[in-house]
Amino acid sequence: MRATRSGDGNLININTEGFIMSDLTRSAAWQALQTHQATIGKQTLREMFRSDPARFDKFSLRLDGLLLDYSKNLVTAETLDLLLKLARQARLEEWVARMYDGEKINGSEGRAVLHTALRAPRGSRITVDGRDVVPDVHRVLDQMRRFSDGVRDGSLRGHTGKPFRDVVNIGIGGSALGPLMVSEALKPYGSAQLAVHFVSNVDATDLAETTKRLDPETTLFIVSSKTFTTQETLANARSARAWLVDRLKSEEAVASHFAAISTNFGATSQFGIAPDNVFEFWDWVGGRYSVWSSIGLPVALYIGMDNFEQFLAGAHAMDRHFREAPLERNLPAIMGMLGIWYADFFGAASNAILPYDQYLQYFPAYLQQLEMESNGKRVNREGQEVDYATQMVVWGEPGTDGQHSFYQLIHQGTRLIPADFLAPVISHNPMGEHHAMLLANCFAQTEALMLGKTGGEARAELAAQGLGGEALEALLPYKVFPGNRPTNTLLFERLDPRTLGMLVALYEHKVFVQGVVLDINSFDQWGVELGKQLAGKLLPELQGKQPLSSHDASTNGLIKHYLAVSGK
């Protein structure tokens, strides 16, 4: 890095590639963290725990039965102080207040960001453009309660008078993944008389395999599309409608077998959906933040509205904590800044999410969308290309399955991969020693990632097994684990609706923290659009309705091959 003078005489920094450094990377707080990382990089977690027996107490936080242990991170008290100085430099607390107050902080779309309003208690006041939105939120929640209670108690029935036994949610992105994740996570609270299914892929196999096992007389479809124009969702919805009408021999059946989550009442009416079965939501609700809204209707149907409201209450508890707790004791702030620490100062490219609870099997996938769609950006709020890492790749699977596949990479691979471990203290399914074994593995993995195994320890272990000489020396390198792999552990008493609400809101706010500090808009998703636009141009060509236009050689070749093989 070298220094030069700008046109106005101010000193600016230029990195070795010749790019002018951003205000963020040449700020005092950022530079201090870079200097500090050089020191921390020489220390090990083993040494940190050895020198400070109280480390767990210093680097763990509790909130309403939720424990965050972040002591197995490459941080000291000085690290946290420097990270929080970076957060304050970005005016994080001010941005938090602006979000909660309904300001239009989604600058590129001119929208407020108020998923927090969706879980605000009745009687709260949150305004957008001078209008208190909380009464609207609770009006829709009351509508959800009437509808879900009616379906669950059998007073709302299908066209032939039979009660509903299956609910099929048709959506994509946040309109599918959120309700799917929550329904699976809260399966112990689900109805024994009502099954929920999720169709999101435009691949006909998704819908075909789902409807194969359904009785049309007892099936309710929910079409989730804010504009009721989403291509994939509408294709699936129309095919589902045709399936229902064909089997029940009645167009009138659509009115009692379909509901919609949409703001386009004209389109839902034209589709044949009864007005009482259309549930509103608002442009200040982003898709990946929408499970708290009417998008959560399949969840409410499955677990009941009382449990759905507990899910909202857990999120609201985390909302209050995020807004009120000082940054030093703030769970989302700490987790968000730790992510920036590894992505931008250690060069970590991915973050593993490792739930030790089978009910959370879709939680990593849910966080993939939440985090990567929110912060996978290359320009800042001013539209300038950034010169720092923004979002790590998020991935993972439930333990203990992952231990027999990709954990090898985390333990002995060449890349640093910070990981979050999540586990309940109490299982919904106590069975012999299963849960103790599960938690033993969870705790052992974080300990192993932290400690590793030195060459001396590996040598002693092999010698104790009777190995020696050249055979020992040949095997020794494979038995060494570098350790010093950072982890967070989130422990909670039991995975119930309130706890799940807290967990999801925790990660939502973590995303917000990182977006603010990295000066990016976490609430738009323009990167989703380009592929959709090109698909719209390609579709008529694949259907043989338009002649092949000029594409690149590869795309032209693929289209021609498809047309030749399919006989279009």
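This is a short tour of the structure above, stop by stop, with what to select and what sits there.

Before you click, note that this is a predicted model, in which local features need pLDDT of at least 70, side-chain atom pairs count only at pLDDT 80 or more, and totals for chains, interfaces and linings use all residues. Residues are numbered from 1 along each chain as its sequence is written, and side-chain values use heavy atoms, with hydrogens and water left out.

**Stop 1**

Start with Trp284, Phe308, Leu500 and Phe512, the residues with the most contacts inside the largest nonpolar core, which has 125 residues. A nonpolar core here is a set of buried Ala, Val, Leu, Ile, Met, Phe, Trp, Tyr and Cys residues joined through side-chain atoms within 4.5 Å. Buried means under 20% relative accessible area, with exposed over 50% and partly exposed in between (1.4 Å probe, protein chains only). Helix H20 gives this core its largest share, twelve residues. Helices (H or I, at least four residues) and strands (E, at least two) are DSSP runs, numbered from the N terminus.

Now zoom in on Leu500. Setting aside neighbours within four places in sequence, Leu500 is in contact with Met181, Val182, Ala185, Leu186, Phe311, Leu360 and Leu495; contact means heavy atoms within 4.5 Å. There is also a second, separate core of 23 residues, which includes Val168, Leu207, Leu234 and Phe271.

**Stop 2**

Is His509 buried or exposed? His509 counts as buried because its relative accessibility is 0%. Beyond its neighbours within four places in sequence, its contacts include Met99, Tyr100, Arg119, Met318 and Phe322.

Move on to Asp519, in the loop between H20 and helix H21 (529-542). Asp519 is not a glycine, yet its phi is positive, at about 60 degrees. At 18% relative accessibility, Asp519 counts as buried too.

**Stop 1: helix H15**

Pick residues 363-375 to get H15: 13 residues reaching 18 Å from first C-alpha to last, close to the 18 Å expected at 1.5 Å a residue. The expected span is 1.5 Å times one less than the number of residues. Color the buried residues of H15, among them Phe363, Tyr366, Leu367, Leu370 and Glu371. What do the buried residues of H15 pack against? Show helix H7 (174-185), strands E12 (350-355), E13 (393-395) and E14 (419-424), and helix H20 (497-517).

From E13, follow the chain into the loop between E13 and helix H16 (407-412), where Thr400 lies. The peptide bond from Gly399 to Thr400 is cis, with omega near 10 degrees.

**Stop 2: helix H6**

Residues 134-153 are H6, with 20 residues and a reach of 28 Å from first C-alpha to last, close to the 28 Å expected at 1.5 Å a residue. Its buried residues include Val137, Leu141, Met144 and Phe147, along with Asp136 and His138. They pack against several elements, including strand E9 (219-224), strand E10 (258-261) and helix H13 (305-324). After H6 comes Gly154, whose phi is positive, near 90 degrees.

**Stop 3: H1 crossing H14**

Two packed helices are described by the angle between their axes and the distance between the axes. Helix H1 (residues 28-40) and helix H14 (residues 331-345) pack at about 80 degrees, with their axes 11 Å apart. That makes H1 roughly perpendicular to H14. Axes are lines fitted to C-alpha atoms, for helices over the stretch in contact, and angles run from 0 to 180 degrees between N-to-C directions; under 35 counts as roughly parallel, over 145 as roughly antiparallel, 65 to 115 as roughly perpendicular and the rest as oblique. Show side chains for Trp30, Leu33, Gln34, His36, Gln37 and Ile40 in H1, which meet Trp341, Asp344 and Phe345 in H14.

**Stop 4**

Ile273 sits in the loop between helix H11 (265-271) and strand E11 (278-279). With a relative accessibility of 3%, Ile273 counts as buried. Val254 is 19 residues from Ile273 in sequence and 6.4 Å away in space, C-alpha to C-alpha.

Hop over to Phe228, in the loop between E9 and helix H9 (231-248). Phe228 is a residue other than glycine with a positive phi, near 55 degrees, and is buried, with a relative accessible area of 5%.
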